[in-house]
Amino acid sequence: MRKLALALAASVFTLSGALTASAGEIAVIVKTVNSTFWQNVQKGADAAIGKQKAHTITFQGPAAESAIADQVNMVENAVNRKVDAILLAPSDPDALVPAVKKAWEARIPVVIIDSMLSKDAEKYYQAFLATDNKAAGELAAKAMIQKVGTEGKIAVMSYVAGAGSEIGRVGGFTDYIKANSKLQIVGPYYSQSQMATALNQTTDVLAANADLKGIFGANEPTAIGMGRAIKQAGKTGKLVAIGFDGNQDLQEFVKDGTLEATVVQGSYQMGEKGVDTLLKLLSKEKVEKFIDTGVVVVTKQNIDKPEAKNVLY
């Protein structure tokens, strides 16, 4: 019910908010409202905006990450209502470029978070805040090799093919595996960031590959579906599973041994630092073009330590 309410709220805002912006509005537009990862981004954005009184934020996103056209419409509506600034997590590196260009033409500052836009769009936004996804993928691959060794078979459960974060993250993982081991990679499989799809795909992969030594779930809904499939198949502890992101489900999987580790991004930091960066731009301050928001590899050994608690949600 909460997810439905959030989705409806996002849709209503898109329709009713298309004409006028509230005073000092900063529009925060994410890939989907139906994910605790993006809800944690909102918490960070709320914390940043609460430090001052000149601006407010609105928060919206499509019902699903694959609803790219809906996200494009949200950005265009923000431009049309003449918001002060836009914080955007683009679901597609190319499809969002024309809308971001419209913001640039309207002299509306844009900061990108999480996933990069295509190279030719760099002049249309002022800063990019994200996990270094290539480095994060490599960390997951190192953890995998440390546990399964350098020979055998592993699977990669990915999310949306071609998304900026996916290219770096899954590319970083597979490139490191190929360069540093003889592990055979099954996949990648694309869940479209749908937990149920990931569960079904993982169930099929486990059934078809009895000799699988390891498996990597590359974002929150994919890793949750992967973890549930592992438990349902009675495979907990029988293969090395590494997830990505850090909501309550994934934390429980680490604690009960379903996941050996999960690589957790600073989602709160993306929201907080993203809004902070826009506030600096609105105050005519200079900002860095790229800001790394960092990752932590969370295991059963460090899950209760500050380094992990600071990024879990």
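Me: What makes D249 and R228 a salt bridge?
Reply: Their closest N and O atoms are 3.4 Å apart. A salt bridge needs a side-chain nitrogen of Lys or Arg within 4 Å of a carboxyl oxygen of Asp or Glu, so the pair qualifies. D249 lies in helix α9 (residues 248–256) and R228 in helix α8 (residues 220–232), 21 residues apart. Helices here are DSSP runs of H or I with at least four residues, strands are runs of E with at least two, and both are numbered from the N terminus.

Me: What do these values rest on?
Reply: The model is predicted: local features need pLDDT of at least 70, side-chain atom pairs count only at pLDDT 80 or more, and totals for chains, interfaces and linings use all residues. Residues are numbered from 1 along each chain as its sequence is written, and side-chain values use heavy atoms, leaving out hydrogens and water.

Me: Why is D249 called partly exposed?
Reply: Its relative accessible area is 29%. Buried means under 20%, exposed over 50%, and partly exposed in between (1.4 Å probe, protein chains only). So D249 is partly exposed. R228, at 32%, is partly exposed too.

Me: How many salt bridges does the rule give?
Reply: The count comes to twelve. One of them joins D114 and K31, with the closest N and O atoms 2.8 Å apart. D114 sits in the loop between β4 and β5, K31 in the loop between β1 (25–29) and α2 (36–49), 83 residues apart.

Me: Are D114 and K31 buried or exposed?
Reply: D114 has 3% relative accessibility and counts as buried. K31, at 2%, is buried as well.

Me: What makes K51 and E272 a salt bridge?
Reply: Their N to O distance is 3.5 Å. That is within the cut-off, so the pair counts. K51 is in the loop between α2 and β2 (56–60), E272 in helix α10 (residues 267–282), 221 residues apart. K51 is exposed, because its relative accessible area is 54%. K51, E272 and D276 are linked in a network of salt bridges.

Me: Why is the aromatic pair of W104 and Y124 called tilted?
Reply: A search of the whole structure finds five aromatic pairs. In this one the ring centres are 5.0 Å apart and the planes at 55°. Rings of Phe, Tyr and Trp (its six-membered ring) pair if their centres lie within 6.5 Å; planes under 30 degrees apart count as stacked, over 60 as edge-to-face and the rest as tilted. So W104 and Y124 pair, and the pair is tilted. W104 is in helix α4 (residues 97–105), Y124 in the loop between β4 (110–113) and β5 (127–130). W104 is partly exposed at 36%, whereas Y124 is buried at 9%.

Me: How do you know that the pair of F128 and F290 is tilted?
Reply: Their centres are 5.7 Å apart and their planes at 45°, so the pair is tilted. F128 lies in strand β5 and F290 in strand β11 (residues 290–292), 162 residues apart. F128 is buried at 7%; F290 is partly exposed at 41%.

Me: What makes the charged end of R169 sit over the ring of F244?
Reply: The rule asks for NZ of Lys or CZ of Arg within 6 Å of the ring centre and within 35 degrees of the ring normal. R169 is 3.9 Å from the centre of the F244 ring, and its charged end sits over that ring. K289 sits over Y125 in this sense, at 4.5 Å.
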